[in-house]
Amino acid sequence: MTTSTYTVTGMTCGHCAASVTEEISELAGVENVDVVVETGAVTVTSAGPLDPAAVQAAVEEAGYALA
């Protein structure tokens, strides 16, 4: 298992968190996504290391950006 933490900017509510969680969860190998809206912290647990470009693309697809 690999745990990675990212900072996502622009999230303001639970719907924002749900959108980011949904998009990142679709990446291969992702087991769990934990989002803290107040800080923008997104912790992703996956079977192995994730491609940073894939995570960035998922966040952008949800309408947000990595810090």
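Reader: Which residue stands opposite Thr 45 in strand 3?

Author: Thr 3 does. Bear in mind that this is a predicted model.

Reader: How do strands of a sheet pair?

Author: Strands pair through backbone hydrogen bonds, in parallel or antiparallel fashion. Here strand 1 (residues 2–9) and strand 3 (residues 41–46) run antiparallel, joined by six bridges.

Reader: What is the strand order of the open sheet?

Author: The order is 2-3-1-4, four strands with antiparallel pairing. Strand 2 (30–36) and strand 4 (65–66) are the edge strands, and each pairs on one side only.

Reader: Which strands does helix 1 touch?

Author: Helix 1 (residues 14–25) packs on the sheet and touches strand 1, strand 2 and strand 3. Its direction makes about 160 degrees with that of strand 2.

Reader: How many residues are in the largest nonpolar core?

Author: A nonpolar core takes in buried residues, those under 20% relative accessible area. The largest one here has 20 residues. Met 11, Val 20, Ile 24, Val 42 and Tyr 64 have the most contacts inside it. Strand 1, helix 1, strand 2, strand 3 and helix 2 each supply at least two residues. Helix 1 gives the most, with four.

Reader: What does Tyr 64 contact, leaving aside neighbours within four places in sequence?

Author: Its partners include Val 8, Met 11, Cys 16, Val 20 and Val 59.

Reader: Is Gly 63 buried or exposed?

Author: The cut-off for exposed is over 50% relative accessible area. Gly 63 has 57%, so Gly 63 is exposed. Gly 63 lies in the loop between helix 2 (52–61) and strand 4. Its C-alpha atom is 8.7 Å from that of Cys 16, 47 residues apart along the chain.

Methods. Residues are numbered from 1 along each chain as its sequence is written. This is a predicted model: local features need pLDDT of at least 70, side-chain atom pairs count only at pLDDT 80 or more; totals for chains, interfaces and linings use all residues. Side-chain values use heavy atoms; hydrogens and water are left out. Two strands pair if DSSP finds at least two bridges between them. Contact means heavy atoms within 4.5 Å. Axes are lines fitted to C-alpha atoms, for helices over the stretch in contact, and angles run from 0 to 180 degrees between N-to-C directions. Buried means under 20% relative accessible area, exposed over 50%, partly exposed in between (1.4 Å probe, protein chains only). A nonpolar core is a set of buried Ala, Val, Leu, Ile, Met, Phe, Trp, Tyr and Cys residues joined through side-chain atoms within 4.5 Å.
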